[in-house]
Amino acid sequence: MYSFLISVLALIAGYFIYGKFVERVFSPDFSRPTPAITNTDGVDYVPMPTWKVFMIQFLNIAGTGPIFGAIMGAKFGPSAYLWIVFGCIFAGAVHDYILGMLSVRNSGAGLPEIVGMYLGNGVKKVMLVFALALLLLVGAVFVYSPAVILADITSDGGVNSMMMWIGVIFLYYIMACLLPIDKIVGKIYPIFAFALLFMAVSLMVCLIIKWPSLPEFWDGLGNLGQQSGLIKGQEIFPCLFITIACGAVSGFHATQSPLMAKCIQNEKFGRPVFYGAMITEGLVALIWAAISSYFFFDSGAEAVGSTISASAPVVVGKVSFAWLGLLGGILALLGVVCAPITSGDTAFRSARLILADFLHIDQQPKRNRIIISLPLFLVAGLLLWYNVADENGFNTIWRYFGWANQTLAVFSFWTATVYLTKTYKDRRYLVTLIPSAFMTAVCLTYICIDKIGFNLPSDWNYAIGLITFVLSIDFFYVWKIRRVNRKSLKY
């Protein structure tokens, strides 16, 4: 418990200390009008109060990541706390803030457009395909997980019940994706965000009251899950950094931040909205990691059936009811259900806007929105149908989602690094250079050793990671030196 509480305090301190430093690095201009003011269209560019923008941003990025990812990541032991804390403060929140502010500075541009500005049109086209693929994966994952939970609550959890809930959620997605952002998203998202925060706070109170015996940092940071048989064949590096994605670093967030970049009314609100929402998500992830550790590693914990071998959505149900009883469990589950549903619909909205920007199709006419959206929903539906038929479908699709998510973060991190290098003459780029190289090493190592990739020997992980990290730094400085030389030749 002490390690958990230290981690909570570190995250909060990180917002006020490092968050303020990163804000100075970017240098927001409080007098500069934002896209919400200059491009108001009543559909996607809509000025909103800052508290509402924060709530929507938090719910957009939260999804199932800080809950399900933290549950699966907790099996590695207390090293999960460190990744959430350091990942959020020095990587994830930095990523969200700078990419969000770059969108604000560029008329609410989506991620592929921003990448194209700084990494070139070739990378922009790759990013377009990659971003759309990730958003469709997000849409499928964030339909699947709440449908499993709702099916368990309302019936026996069978496939027919789950398919019914999938249909209901998809209908909501279509409405939320097509209607102006302030009609559904702006009205109900703050309520759902309060529900998610209530769930997290109530479970944290239960955790403090119970004060369980949890693994601490000083007990060792090795792979406890592998030692106890909870997980097999997964090394802390890189698997932990892929498993806990949205709770620490997430490329998906870079596709969501432009939505709120179109609604924020002043650049001074960027830190509480973008950096602050990521820190809040990290707190939710810490709570679920601690709760899961209780059931995984505390020999005195109350029985929760097959929790340790079940998929994450099933774990959520078992833990919520075991801790909070029937009524409290239902309320907690509703908070958990709201998060993925509300991230799923904005994933489709982001996909619609990204595709519309690429094809230069005006999104004010409703007919144009329908034309862009229907193919996206059809592809996501086919992907979902394939995985529903697989009893291990959630774990399978999560692994693809996790790798794609972190790989997208690699692109956006390098975009931020190039922006800081080109914009400022000092070494501000270091705040994103180190995370850029690290996440590049994580993603390349994972695809090399995991079964979904090349399935190379797992004991090659540290060698592959170290070589990738060093080469990434080297390539950056080679590019930087060449860029300086080219500028010198012009003069």
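This is a predicted model: local features need pLDDT of at least 70, side-chain atom pairs count only at pLDDT 80 or more; totals for chains, interfaces and linings use all residues.
Reader: Why is V104 called buried?
Author: Buried means under 20% relative accessible area, exposed means over 50%, and partly exposed lies in between (1.4 Å probe, protein chains only). V104 has a relative accessible area of 4%, so it is buried. V104 is found in helix α5. Buried residues make up 60% of the 491 residues in the protein chain.

Reader: What does V104 touch, not counting residues up to four places away in sequence?
Author: V104 touches T34, P35, A261, I264, E267 and F274 on that count, where contact means heavy atoms within 4.5 Å. V104 and R32 are 72 residues apart in sequence and 10.0 Å apart in space, C-alpha to C-alpha. Across the protein chain, residues 24 or more positions apart account for 82% of the contacts with a separation of 6 or more.

Reader: What makes α5 oblique to α12?
Author: Helix α5 (residues 79-105) and helix α12 (residues 252-261) pack at an angle of about 45°, with their axes 8 Å apart. Angles under 35 degrees count as roughly parallel, over 145 as roughly antiparallel, 65 to 115 as roughly perpendicular and the rest as oblique. The angle therefore makes α5 oblique to α12. The contact involves H95, D96, L99, G100, S103 and V104 of α5, and H253, A254, S257, P258 and A261 of α12. Axes here are lines fitted to C-alpha atoms, for helices over the stretch in contact, and angles run from 0 to 180 degrees between N-to-C directions.

Reader: Why is α5 described as roughly antiparallel to α13?
Author: Helix α13 (residues 270-297) packs with α5 at an angle of about 155°, with the axes 8 Å apart. That angle makes α5 roughly antiparallel to α13.

Reader: How do you know that E23 and K20 meet in a salt bridge?
Author: A salt bridge is a side-chain nitrogen of Lys or Arg within 4 Å of a carboxyl oxygen of Asp or Glu. The N to O distance for E23 and K20 is 3.3 Å, and their side chains meet in a salt bridge. Both residues lie in helix α1 (residues 2-26), three residues apart, about one turn of the helix. E23 is buried at a relative accessible area of 7%, whereas K20 is partly exposed at 37%. K20, E23 and R271 are linked in a network of salt bridges. By this rule the count comes to eight salt bridges.

Reader: What parts does the salt bridge of R352 and D44 tie together?
Author: The closest N and O atoms of R352 and D44 are 3.4 Å apart, and the two form a salt bridge. R352 lies in helix α14 (residues 312-359) and D44 in the loop between α2 (35-38) and α3 (50-62), so the pair ties together parts that are 308 residues apart in sequence. R352 and D44 are both buried.

Reader: Why does K124 count as buried, and why does E113 count as partly exposed?
Author: K124 has 19% relative accessibility and therefore counts as buried. E113 has 22% and so counts as partly exposed. The two form a salt bridge, the closest N and O atoms being 3.1 Å apart.

Technical notes. Residues are numbered from 1 along each chain as its sequence is written. Side-chain values use heavy atoms; hydrogens and water are left out. Helices (H or I, at least four residues) and strands (E, at least two) are DSSP runs, numbered from the N terminus.
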